[in-house]
Amino acid sequence: MERNLINRWKIIDQINKVQEKYQNLKYWQTNEGDFVLQGLLEFDVDAKGHHIQDSFEVRIIVPINYPDSPIRVYELAKRIPSDYPHLNSNRSLCLGTDIEIQYALSDDNSLLQFVEQILIRNLFSFAVWEKTGTFPYGERKHYAPGILEFYQVYFDVKDCEAAKRLLYYLSAMKRYSRNKWCPCRSGKRIRKCHGENIKRIFAISQKERFKTDYHNCKGL
């Protein structure tokens with residue numbers, strides 16, 4: 001209870017910072033303790049050869065134990081069609097895999113960074129897709145294939161089996177050992193191969209995340 005109370009004030013402080021910049025968003029707290037930010041989210045983004053000035057009516061649900069539990073976002077005006085590939089069956093936005101979002105926010109996991117680096121980036125991507133039929137940042141797979149694809153890109157390995165071996169190593173690792181052979185089977189010691197990648201990602205997530213990701217990906 002005390003932890004939730006401390007976290008409540010942290011989240012409220014972060015919500016205030018979001019509202020300072022995005023003043024059309026209003027917030028309240030649900031009976032379950034989660035926070036809701038809702039309203040018109042306006043943005044102006046110039047990236048990947050596209051300039052998009054747009055706005056979306058959104059509902060952002062921030063769990064009381066954020067960042068341990070993920071934020072959920074809904075587009076309320078149903079401008080995003082039900083067959084859009086990055087829309088979940090309950091019409092929440094598919095903003096990326098948990099590990100992908102964690103990594104993107106590893107330097108700053110504040111709510112403002114989530115809105116600007118994750119949510120607006122995804123809404124910008126939809127707006128470009130709506131106009132051109134293409135995704136400015138490329139198309140990422142969903143569910144387990146998307147998780148495995150993230151690790152392949154992160155570790156810069158084309159072989160999905162190598163990515164799975166590295167992921168298994170993360171899920172089972174008790175401490176970093178720089179002199180072991182790298183799990184990717186390059187024939188090099190970890191320190192001369194994927195050591196820095198392993199240390200960096202192990203520092204931003206939890207072993208349970210890697211265990212879950214490995215369990216989801218091992219059969220692919």
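Select cysteine 160 to begin: at 28% relative accessibility it counts as partly exposed, where buried means under 20% relative accessible area, exposed over 50% and partly exposed in between (1.4 Å probe, protein chains only). The model is predicted: local features need pLDDT of at least 70, side-chain atom pairs count only at pLDDT 80 or more, and totals for chains, interfaces and linings use all residues. Residues are numbered from 1 along each chain as its sequence is written, and side-chain values use heavy atoms, with hydrogens and water left out.

Next, display the cysteine sulfur atoms. A disulfide is a pair of these atoms within 2.5 Å, and by this rule the count is zero. Cysteine 160 is in no disulfide, its nearest cysteine sulfur being that of cysteine 217, 9.7 Å away. Cysteine 184 is in no disulfide either; the sulfur of cysteine 193 is the nearest, at 3.6 Å. Cysteine 184 counts as buried, at 10% relative accessibility.

Now select residues 111–132, helix α3; helices (H or I, at least four residues) and strands (E, at least two) are DSSP runs, numbered from the N terminus. The 22 residues of α3 reach 30 Å from first C-alpha to last, close to the 32 Å expected at 1.5 Å a residue, the expected span being 1.5 Å times one less than the number of residues. Centre the view on isoleucine 120, where α3 has a kink of about 30°; the bend is the angle between axes fitted to the seven residues ending there and the seven starting there. Buried residues of α3 include Phe114, Ile118, Ile120 and Phe124. Just after α3, glycine 133 takes a positive phi of about 80°.
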